[in-house]
Amino acid sequence: MGIAIKITLVASVILIGYNLSQMLTSYEGICEKVKKFKALAVETDSRDDELKRSNIVLTGLLSVIFVSLTYLSGLALWAVAVVAAKMVITCYLSNMEINRILETNVVDEKFFKITKIDAFVNILIGAGIALILVA
């Protein structure tokens, strides 16, 4: 088993774990995290554009790394394209979420449900990639 496949397996498990955590967090828990996030942003004098930029860089970079790993692991190009498309959707939703939080200081319950669906699909993607790689 090549090194790229091993790293991709680890990245898939991390993707599954992170999204499982996101999916299992309650609405109240998310609202509490938003309050802490906003307090930290004020405490560190972080501007909204800086927060948005760091979110884009972080989610974008992690997504590019994961998609690159799937490619380097030898997955079919259509599978890599599906993963890439899904990561673009996740980045878009993450950007929408940070924008909404910064504008309204709350998490919209409808959008909260959308992020739960996104997390669930990311779990399926991570599990699917891991299963393909070990098969």
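This is a predicted model: local features need pLDDT of at least 70, side-chain atom pairs count only at pLDDT 80 or more; totals for chains, interfaces and linings use all residues.
Which residues are exposed on the other side of α2? I looked, and found Glu 28, Lys 35, Lys 36, Val 42 and Glu 43 there; exposed means over 50% relative accessible area, buried under 20%, partly exposed in between (1.4 Å probe, protein chains only).

Residues are numbered from 1 along each chain as its sequence is written, and side-chain values use heavy atoms, with hydrogens and water left out.

**Helix α2.** I took helices as DSSP runs (H or I, at least four residues), numbered from the N terminus. Buried in α2 are Ile 30, Val 34 and Ala 41. Down the axis of α2, its buried residues fall within an arc of 45° (directions from the axis to the C-beta atoms), so they line one face of the helix. Their cover includes α3 (48-72), α4 (77-104) and α5; contact means heavy atoms within 4.5 Å. Just after α2, Asp 45 has a positive phi of about 55°.

**Aromatic pair.** I found one in the structure. The ring centres of Tyr 27 and Phe 112 are 5.3 Å apart with planes at 80°, so I logged the pair as edge-to-face (centres within 6.5 Å; planes under 30 degrees apart are stacked, over 60 edge-to-face, the rest tilted). Tyr 27 lies in α2 and Phe 112 in α5, so the pair ties together parts 85 residues apart in sequence.

**Asn 122.** I placed Asn 122 in α5 (residues 109-134), and it is buried at 1% relative accessibility.

Conventions
Helices (H or I, at least four residues) and strands (E, at least two) are DSSP runs, numbered from the N terminus. Rings of Phe, Tyr and Trp (its six-membered ring) pair if their centres lie within 6.5 Å; planes under 30 degrees apart count as stacked, over 60 as edge-to-face and the rest as tilted.
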